[in-house]
Amino acid sequence: MYSRLAGQVYKAIQLNTALPKGMRTPVNSTMDLLTGFEFNTYSPFTKYFAPEIAALLNDQNQVVVTVPAFNPKTAMRFAKGTEKAELLLYVLGTNFEDNTKYTEAFTRLPIEKKEETLTETVWTSPVLPEGQLLLVCAKLFFYTTTKFTEKNYVNNKECSPAKVIAVKIEKRKPVTTR
C-alpha cells in the first residue's frame, strides 16, 4: 500500500509542470490524483460502501464531511459473519515542513445491518491550521459482539476497506497590515 500511495503522490507532483523539477512539492502541486485512492486492493471501500461521501473545506478552515442517508441492507456489504460496523471519518493534515507536527481529527459512525435507513450525517472537524495538505479518509471497521465483549473487530488483510475521500490544500491566507 505504501508503494502505491507514494507512487500516486509522485505522479501528482510530476503533473505540476508550472515549476521545475526539484521545486515541486505536495503543497504546491494538485493532489487530486489521491482522491479515490483505495488503501486495500483486496477489499476496495467502494465494494463495501456504496453511498457517496462528500467533503469540503469551509471558510473557517474546517472539513465538513457529509454521509448521505442510506439503507445498510442494500447500500453496504458486511464482512462475513458480521452485521455491525463503524464508519471512521478521518482528517489528516500536514505542512511537510516539520515532520513531527501534524493535525488529525476523526469521528466514528455506528452502523447495524438491521437498521432500515440511517439519516444523513454531517460531521465538521475542528478548525485546522492553515497551509496544510488535508487528506480526508473513510474506513470501515466490522465487528461482532458477545455477552463478554463489546466489540470483536474482524478486519484483516483480506477485508479492511479504506479510501481517500478528498484531498484539499488550504493555501495560507494573505496577511494584511494597517
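1. In this predicted model, helix α1 (2-14) contributes four residues to the lining of the largest pocket, the largest share from any element.

2. Turning to the aromatic residues, the structure contains seven aromatic pairs. In one of them, Tyr 48 and Phe 142, the ring centres are 5.8 Å apart and the planes meet at 50°, so the pair counts as tilted. A stacked pair would need planes under 30 degrees apart, and an edge-to-face pair over 60.

3. Where do the two partners of this pair lie in the fold? Tyr 48 belongs to helix α2 (residues 45-48) and Phe 142 to strand β6 (residues 133-144), so the contact ties together parts that are 94 residues apart in sequence.

4. Are these two residues buried or exposed? Tyr 48 has a relative accessible area of 7% and is buried. Phe 142 is buried as well, with a value of 0%. The cut-off for buried is under 20%.

5. A separate entry concerns three phenylalanines: Phe 45, Phe 49 and Phe 70 make up one aromatic cluster.

6. The ring of Phe 141 has charged groups over it. The charged end of Arg 108 sits over this ring at 4.5 Å from its centre. The charged end of Lys 139 also sits over the ring of Phe 141, at 5.1 Å from the centre.

7. An open sheet is formed by three strands in the order β1-β2-β5, with antiparallel pairing. Strands β1 (54-57) and β5 (121-124) are at the edges and have a single partner strand each, so one side of each lacks a neighbour in the sheet. From one strand to the next, the twist averages 15°.

8. Within this sheet, strand β2 (residues 63-67) and β5 run antiparallel and are joined by four bridges.

How values were computed:
Residues numbered from 1 in each chain as written. Predicted model: local features only at pLDDT ≥ 70, side-chain atom pairs only at ≥ 80, totals over all residues. Heavy atoms only, no water. Pairing = 2+ DSSP bridges. Helix = DSSP H or I, 4+ residues; strand = E, 2+ residues; numbered from the N terminus. Axes fitted to C-alpha atoms, helices over the stretch in contact; angles between N-to-C directions. Phe/Tyr/Trp six-rings, centres within 6.5 Å; stacked < 30°, edge-to-face > 60°. Buried < 20%, exposed > 50% of the residue type's maximum accessible area, 1.4 Å probe, protein only. Lys NZ or Arg CZ within 6 Å of the ring centre and 35° of its normal.
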